Amino acid sequence: MKYHTRKWVKPEDLNPNQSLFGGRLLQWIDEEAALYSIIQLENNKVVTKYISEINFISSAKQGDIIEIGIEVLSFGHTSLNLKCEVRNKMTHQSIITVDKIVMVSLGENGAPIAHGKTQIEYAKDRLNTEI
């Protein structure tokens, strides 16, 4: 799994138990999945269709640095299927896992649209065009 984003747990991210609020963590995961999908599908109109069971394994506290990992499971006709793990950057202890996130590519009219992708592409490879 590749970890793309790091977040620093700040006081505004805490719940009344003084640990990372689950809703904030899910917000960060949804945003990371969207950004990853936008880049992979080369379409800024991508939405979350489905998030599977979420497994909270441990908590994070104020001052912890966490990292969000995304991995592609498969490419659908209009979708991208991902999985996610969030872990503590320093200890590598898993905080949460999400087995499946389905992101859907949309057209101008807001309906699902085929994206034509079948494998992971890296931005650096798209930029390497010969003159």
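User: Is Leu106 buried or exposed?
Analyst: Leu106 is buried, with a relative accessible area of 14%; buried means under 20%, exposed over 50% and partly exposed in between, with a 1.4 Å probe and protein chains only. This is a predicted model, where local features need pLDDT of at least 70, side-chain atom pairs count only at pLDDT 80 or more, and totals for chains, interfaces and linings use all residues. Residues are numbered from 1 along each chain as its sequence is written, and side-chain values use heavy atoms, with hydrogens and water left out.

User: Where does Leu106 lie?
Analyst: In the loop between strand S6 (94-105) and helix H2 (123-127). Helices (H or I, at least four residues) and strands (E, at least two) are DSSP runs, numbered from the N terminus.

User: Switching to pockets, what volume does the largest one have?
Analyst: About 250 Å³, taken as the space filled by probe spheres set on grid points joined across faces, edges and corners. A pocket is an open set of points on a 1 Å grid over the protein atoms alone, where a 1.4 Å probe fits, with protein on both sides within 12 Å along at least five of seven lines; lining residues have an atom within 4 Å of a point.

User: Which element gives the most to that lining?
Analyst: H1, with five residues. The lining has 14 residues, and His4, Tyr36, Gln40, Ile120 and Tyr122 lie nearest the pocket's centre.
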